[in-house]
Amino acid sequence: MRTSRRSDVDPFIVMDVMEAARAAESAGRHIIHMEVGQPGTGAPQAAIRALERAMSDGPLGYTVALGLPALRARIARLYGDWYNIDLNPDRVIVTSGASGGFILAFNALFDSGDRIGIGAPGYPSYRQILTGLGLTPVDLQTAAANRYQPVPDDFADQDLQGLLVASPANPTGTMLDRATMAHLVGAAKEAGASFISDEIYHGIEYEAKAISALNVSDDVYVINSFSKYFSMTGWRAGWMVVPEDHIRVVERLAQNMFICPPHASQVAALAAMDATGELEANLDVYRTNRALMLEGLPKAGFTRIAPPDGAFYVYADVSELTNDSRAFAAQILDVAGVAVTPGLDFDPVRGHQTLRFSYARKTEDIVEGLSRLKDFMDQR
Ligand SMILES: Cc1ncc(COP(=O)(O)O)c(C=O)c1O
């Protein structure tokens, strides 16, 4: 049987690295995981307890398509707490992770063949999901001088119908400040491109608080998730905020595509939102790990790095060390027992000379990983 042309998407290379690390572990090796972008911690205890109660209370059947009203109201309240925005809860749509949000957003906003600008380096699945939906991802090669974020000049002549940005970004951890965000949102509007802001790393910031696209406009889609700050990757829970006149459009899509987001995860997510103590303790670990990375990576010989504003990644330019980041990452795994992600996942053009190091795991793993990386580099 034939398969479609649009299903011909690239693999997610980090998943291949994870598989190689798993194979090494099952062969008896001890591997330090600096490849995966997921917290080493689980869901907050309060989330588990709330779910235990809900499971003994009732059947956890379908919820309404846009999500539990109490969760939508609680998420709306978060916008007051984090950004000083008074958000109508009706605009909040609960999704199956940010990934489910992309599917809904891209279907709601774009027609086949539409061109959507994404920054390179950037989260790899943007490109593949767009392709899978018959849309055209347009890589915008961002500049180090612009902290690897797109600027209006990058898409002025690109005839885009959409622009997708992430702040803090994966893999660089860089953020857009208010003026830059406002400038980008304005330029996209002028160009007739719908603006989508991936805010999945909000809450994981080290110096300044992240700005939401909603701080500068209501005419945007914002996508967020319980995977990162709330430490609930496998639960597949996230949310979107859409303009008021898009709620019904997205509702019709959500009803038909997903029926509803997982009920159990919604119950847990609602309780997780009040687990501030535990979540802030996770943040303290990332902060400690970040400081260790910024000190340890240059000492090991990875000198071309920039301090991330948020998220839990360091993106390193390794052009002085290799022209083949995939082979280099495989060698680091093989010799040092440290799994890292080759930049090719994030930037098909320049990523053969970059690596991404994740510091989302526990601090003792970061200490051990840095020591192994130093030994590896000393012996090269
Ligand atoms: C920038 C970015 N957006 C979206 C996602 C997908 O997240 P979720 O687990 O919520 O689907 C990730 C996952 O790493 C990411 O880094």
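Analyst: Start with a term: helices (H or I, at least four residues) and strands (E, at least two) are DSSP runs, numbered from the N terminus. This is a predicted model, where local features need pLDDT of at least 70, side-chain atom pairs count only at pLDDT 80 or more, and totals for chains, interfaces and linings use all residues. Residues are numbered from 1 along each chain as its sequence is written, and side-chain values use heavy atoms, with hydrogens and water left out.

User: What is the volume of the largest cavity, and which strand gives the largest share of its lining?

Analyst: On a 1 Å grid over the protein atoms alone, a cavity is a set of points where a 1.4 Å probe fits but cannot get out; lining residues have an atom within 4 Å of a point. Grid points are joined across faces, edges and corners, and a volume is the space filled by probe spheres set on the points. Here the largest cavity has a volume of about 100 Å³. Its lining has 13 residues, with Gly119, Pro121, Gln149, Val165 and Ala166 nearest the centre. Strand β5 (residues 162–166) gives the largest share, 3 residues.

User: How do the axes of α10 and α12 cross?

Analyst: Two packed helices are described by the angle between their axes and the distance between the axes. Axes are lines fitted to C-alpha atoms, for helices over the stretch in contact, and angles run from 0 to 180 degrees between N-to-C directions. The axes of α10 (residues 276–300) and α12 (residues 363–378) come within 10 Å and cross at roughly 5°. The two helices are therefore roughly parallel to each other (angles under 35 degrees). Contact (heavy atoms within 4.5 Å) involves residues including Leu292 and Met293 of α10 and Ile366 and Leu370 of α12.

How values were computed:
Parallel < 35°, antiparallel > 145°, perpendicular 65-115°, else oblique. 1 Å grid on protein atoms, 1.4 Å probe; cavity = no way out; pocket = protein on both sides within 12 Å on 5 of 7 lines; lining within 4 Å.
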